[in-house]
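Here are my notes on the model you sent. Please read them with the structure open.

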Amino acid sequence: MAITQAEYIWLDGVKPTHELRSKTRIVNFDDTPSIEDFPEWGFDGSSTQQAEGNDSDCILKPVRFVHDPIRGEGNYLVLCEVYSKDHSPHPSNTRAQLRKVLDAGANNHDPLFGFEQEYTLFESANSPLGWPENGFRQPQGPFYCGVGARRVDGRDLVEAHTDACIEAGLLIFGTNAEVMLGQWEYQIGYRGFDNEIADPLTVSDHMWIAAWLLHRLGEEYGITANFENKPIKGDWNGAGCHTNFSTKEMRDPSTGKATIDTVIDRLSKRHTEHILIYGNRLHERLTGDHETCHITDFKYGVSNRGASIRIPLAVDQKGHGYLEDRRPGANSDPYLVAARILTTICDIDESVFTYSINHIEAPAT
Ligand code: ADP
Ligand code: MN
Ligand code: MN
Ligand code: MN
């Protein structure tokens with residue numbers, strides 16, 4: 001018998017960008033648990049914009065657990081889907097949307113995903129880590145993948161976060177300092193390791209657990225991780241969440257080239273539908289400058305960081321492999337982005353992906 005802690009983590013209903021919530025449940029397991037051993041739980045949905053006060057109970061349904069690297073051995077982080085009291089997925093439950101698309105046929109194509117999450121660290125309200133309070137004079141240039149005091153700032157937190165992700169068994173691929181001082185990136189997804197699964201549901205779940213760990217570790221350092229698309233206006237890079245994806249047909253040398261052409265053609269025809277769920281205030285980031293393609297344009301190209309879809313050089317040379325969608329913003333929801341990409345590239349019936357996008361502030365057109 002071991003009495004330990006399970007941190008139940010879920011996404012709230014805050015619009016336009018939902019955020020993480022969590023609370024602690026004490027558990028008592030003899031052996032290593034399976035997901036069914038974690039009890040369903042409830043919470044007050046009226047405090048998370050998921051219910052009205054007079055009828056406020058929502059259900060937390062555990063769907064994936066990992067080892068909790070902060071509380072240590074025998075403790076767990078438990079990712080949950082939110083259900084309404086009639087036991088249907090709550091409207092804010094975007095994971096259920098991704099499951100629907102996978103079940104409707106996307107799973108047959110063995111998709112693999114990898115997300116590059118950019119974020120900006122703040123110690124005070126106004127300026128990112130390493131910036132003086134009254135703004136910054138030195139232009140961008142030396143900070144991307146930089147090393148050295150005043151070249152990078154926040155590395156202690158980044159290192160602690162990376163260690164925590166590894167210890168939790170998340171599919172962390174790498175990290176780097178970004179173009180703007182105080183901005184960093186971690187990647188979660190396919191790593192090419194033997195017998196490792198990097199399907200979109202697992203990878204997206206790991207993205208949310210990794211984000212939770214970053215916010216939680218930030219508490220220890222007094223540092224806030226900001227996921228906005230354009231935290232600093234002006235001549236500074238925004239923060240994105242480049243999304244890399246492939247299907248077995250794209251990865252197969254005999255079908256790769258033709259499939260990649262088809263996939264890009266399908267993506268070009270659904271540009272607007274994608275943009276609408278790729279994050280709030282995305283137009284502030286997709287300006288056509290700072291390594292982006294303008295929000296109203298769709299472009300693709302080999303090695304082109306000003307394109308919507310980049311074909312990595314090695315993929316072009318081999319003729320098969322993955323593509324990078326550079327449009328999703330740092331505040332996009334990996335469940336929605338993966339569901340949208342799969343709906344388009346696997347030609348899933350549009351009626352399957354029904355997520356309402358009305359609450360996202362419309363981009364300037
Ligand atoms: P970039 O050069 O754009 O900065 P990164 O090195 O930051 O790229 O990230 C590469 C991403 O590509 C990782 O998230 C990784 O998981 C993903 N990736 C690599 N190979 C594949 C593949 N075959 N299918 C899907 N994603 C892949
Ligand atoms: Mn990257
Ligand atoms: Mn980057
Ligand atoms: Mn990238």
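1. Basis. This is a predicted model, in which local features need pLDDT of at least 70 and side-chain atom pairs count only at pLDDT 80 or more, while totals for chains, interfaces and linings use all residues. Residues are numbered from 1 along each chain as its sequence is written, chains are lettered from A and ligands numbered from 1 in the order in which they are written, and side-chain values use heavy atoms, with hydrogens and water left out.

2. Fold. The protein has 8 helices and 13 strands. These are DSSP runs numbered from the N terminus: helices are H or I with at least four residues, strands are E with at least two. The radius of gyration is 20 Å, close to the 21 Å from the globule rule for 365 residues, so the protein is as compact as a globular protein of that length. That radius is taken over C-alpha atoms, and the rule is 2.2 Å times the number of residues to the power 0.38. Along the principal axes, the C-alpha atoms fill a box of roughly 55 × 50 × 45 Å.

3. Of the 365 residues, 54% are buried (under 20% relative accessible area, 1.4 Å probe, protein chains only). Take contacts (heavy atoms within 4.5 Å) between residues at least 6 apart in sequence: 66% of them join residues at least 24 apart.

4. Manganese ion (ligand 3). Its protein donors are Glu118 (OE), Glu178 (OE) and Glu185 (OE), at 2.1 to 2.2 Å. Donors are N, O and S atoms within 2.8 Å of the metal (3.2 Å for Na, K and Ca); water is not among the atoms, so sites may look incomplete. The spacing along the chain is E-x59-E-x6-E. Glu178 and Glu185 are both buried.

5. Manganese ion (ligand 2). Glu116 (OE) and Glu185 (OE) coordinate this ion at 2.2 Å. Glu116 sits in strand S6 (residues 112-122) and Glu185 in strand S8 (residues 183-189), so the pair ties together parts 69 residues apart in sequence. Glu116 is buried. Which residue coordinates both ions? Glu185 does, and the two manganese ions are 3.9 Å apart.

6. Ser308. This residue lies in the loop between strand S11 (300-302) and strand S12 (309-311). Its relative accessibility is 1%, so Ser308 counts as buried. Beyond its neighbours within four places in sequence, Ser308 contacts several residues, including Cys293, Phe298, Glu324 and Arg327.

Conventions: Buried means under 20% relative accessible area, exposed over 50%, partly exposed in between (1.4 Å probe, protein chains only).
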